[in-house]
Amino acid sequence: MQTEAIILAGALSGGFVTGLAGFGTGLTALGFWLHAVEPAIAAALVVLCSVVGQVQSLCSLRRAFAWERAWPFLVGGLAGVPLGVAALRILEVQTFKLLLGVLLIGYTGLMLALRRLPTVALWGGRLADGLVGTGGGALGGVAGLSGPLPTIWCGLRGWSADMQRGVYQPYNLGILCVVLGLYAGQGLLTRQVWELAALCLPATLLGSWLGVRLYRRVSDWQFRYLVLWLLFASGLVLSLSSL
């Protein structure tokens with residue numbers, strides 16, 4: 001019963017954060033699940049629950065989705081995944097995670113210290129968006145970390161909360177579906193994973209629903225700071241888990 005309670009708590013909290021901010025299932029749920037199951041099983045659960053949570057929260061934001069804004073990120077991200085997978089042969093993943101964690105902490109710490117958040121609304125256009133998407137896809141291929149770069153960039157664009165989520169959530173969903181396919185091809189979606197997923201997914205859906213309801217009460221300004229704090233927490237988790 002203790003294991004089941006830990007699994008449910010992780011699924012509920014991960015779904016809630018995803019519904020509220022549009023990302024963060026792994027950041028939140030792994031803190032619970034790694035105490036109850038092996039890392040490979042926890043990673044597979046994160047991908048499954050992330051896909052489900054993203055789909056549910058995206059349905060509530062479908063009016064914010066605009067293909068003309070999202071497609072450069074998606075195309076770049078799908079091109080970047082194999083680059084990241086290839087880079088695994090020459091990179092030491094734990095060291096890479098530590099460096100990325102330190103960079104996230106430094107960046108978000110600086111942004112949170114500023115009285116006025118900067119924007120780059122007119123710089124780079126779709127080419128810059130595509131390059132950011134490629135970078136995120138490469139990070140996803142290396143270490144499953146496709147989200148931070150596009151999330152940061154959408155905030156720097158100065159878009160509203162709905163516009164940001166209408167870009168980086170479809171992006172993350174596309175990358176996650178590729179990762180899920182790779183997991184399936186490698187035989188990582190075992191019977192135990194599916195049994196635990198049957199326990200997790202209802203809690204994920206409930207958490208996501210609650211998170212979306214709270215998101216509707218958050219202003220654009222509050223949302224930008226919420227995302228920065230979640231990215232700061234991501235940097236801390238990455239750094240500490242790599243030591």
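I began with helix α4 and looked up which of its residues are shielded: A70, P72, F73, L74, G76, G77, G80, V81, G84 and A87 are buried in α4. I keep in mind throughout that this is a predicted model.

Next I checked the extent of α4, which covers residues 67-87 and has 21 residues; from its first C-alpha to its last the helix reaches 30 Å, close to the 30 Å expected at 1.5 Å a residue. I also looked for a bend and found one of about 25 degrees at G80, with a proline, P82, following within four residues.

I then searched the whole structure for aromatic pairs, and the search finds four. One of them joins W221 and Y225 in a tilted arrangement, with 4.9 Å centre to centre and 55 degrees between the planes. These two residues are four apart in helix α10, so about one helical turn separates W221 and Y225. I noted that W221 is exposed, because its relative accessible area is 58%, whereas Y225 counts as buried because its relative accessibility is 15%.

W229 and F232 form an edge-to-face aromatic pair, 5.8 Å centre to centre and with 80 degrees between the planes. Being three residues apart in α10, W229 and F232 are likewise separated by about one helical turn; F232 counts as partly exposed, at 21% relative accessibility.

Staying with helix α10, which spans residues 220-242, I looked up S241 and found that S241 counts as partly exposed, since its relative accessibility is 44%. The C-alpha atoms of S241 and G101 are separated by 9.6 Å, although the two residues are 140 apart along the chain.

Last, I recorded that R165 lies over the face of Y215, at 4.3 Å from the ring centre.

Definitions and conventions: Residues numbered from 1 in each chain as written. Predicted model: local features only at pLDDT ≥ 70, side-chain atom pairs only at ≥ 80, totals over all residues. Heavy atoms only, no water. Expected span 1.5 Å × (residues − 1). Bend = angle between axes of the 7 residues up to and from the residue. Buried < 20%, exposed > 50% of the residue type's maximum accessible area, 1.4 Å probe, protein only. Phe/Tyr/Trp six-rings, centres within 6.5 Å; stacked < 30°, edge-to-face > 60°. Lys NZ or Arg CZ within 6 Å of the ring centre and 35° of its normal.
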